[in-house]
Amino acid sequence: MKHLVASRMERCIGCHSCSLACARLVHKCLSWENAGIRILSSGGLSTGFTAKLCLVCDPAPCAAACPTGSLKQRKGGGVTQNKKLCIQCGKCAAACPVDAIAQDRQGNPYVCIHCGSCVEFCPHDCLELREAEG
């Protein structure tokens with residue numbers, strides 16, 4: 001089981017290529033607001049950037065909070081998402097301890113599913129898909 005890790009964020013220039021790749025390839029949207037990974041400034045250009053992404057909780061509180069089973073615990077940590085079951089209640093986002101689930105204006109949640117689609121689009125090799133330990 002592989003997990004996405006933002007292991008070299010000191011190299012990040014905030015280009016959002018990873019978010020755009022996720023939105024386009026995984027969620028079939030053209031906005032970085034509809035991505036499972038979000039890049040935020042740490043407070044200014046000189047302080048760098050941070051990546052907001054699923055930390056592979058096991059058990060996942062977002063899946064436990066989902067009343068319809070749209071988010072399910074993924075074996076080895078993290079979640080899988082069935083968008084057809086989502087009722088846009090926001091309970092998953094509220095339950096995430098690291099604010100890694102974003103919701104769009106309609107309430108649709110976006111969470112990293114650790115597919116690694118973003119990795120090859122990072123121009124500075126900030127992200128990696130790493131085999132889980134254990």
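Is R11 buried, partly exposed or exposed? R11 is partly exposed, with a relative accessible area of 39%; buried means under 20%, exposed over 50%, and partly exposed in between, using a 1.4 Å probe and protein chains only.

Colleagues, this is a predicted model, in which local features need pLDDT of at least 70, side-chain atom pairs count only at pLDDT 80 or more, and totals for chains, interfaces and linings use all residues. Residues are numbered from 1 along each chain as its sequence is written, and side-chain values use heavy atoms, with hydrogens and water left out.

I turn to the salt bridges, each a side-chain nitrogen of Lys or Arg within 4 Å of a carboxyl oxygen of Asp or Glu. The whole structure holds five salt bridges. One of them joins R8 and D125, whose closest N and O atoms are 3.5 Å apart. These two residues are separated by 117 residues, with R8 in the loop between β1 (2-5) and α1 (17-25) and D125 in the loop between β7 (109-110) and β8 (128-131). Helices (H or I, at least four residues) and strands (E, at least two) are DSSP runs, numbered from the N terminus.

D125 also meets R11 in a salt bridge, at 3.8 Å from N to O. R11 lies in the loop between β1 and α1 and D125 in the loop between β7 and β8, so this pair ties together parts 114 residues apart in sequence.

Another salt bridge pairs D99 with K52 at 4.0 Å, N to O. D99 is partly exposed at 42%, and K52 is partly exposed at 24%. Finally, salt bridges with shared partners join R8, R11, D125, E128 and R130 into one network.
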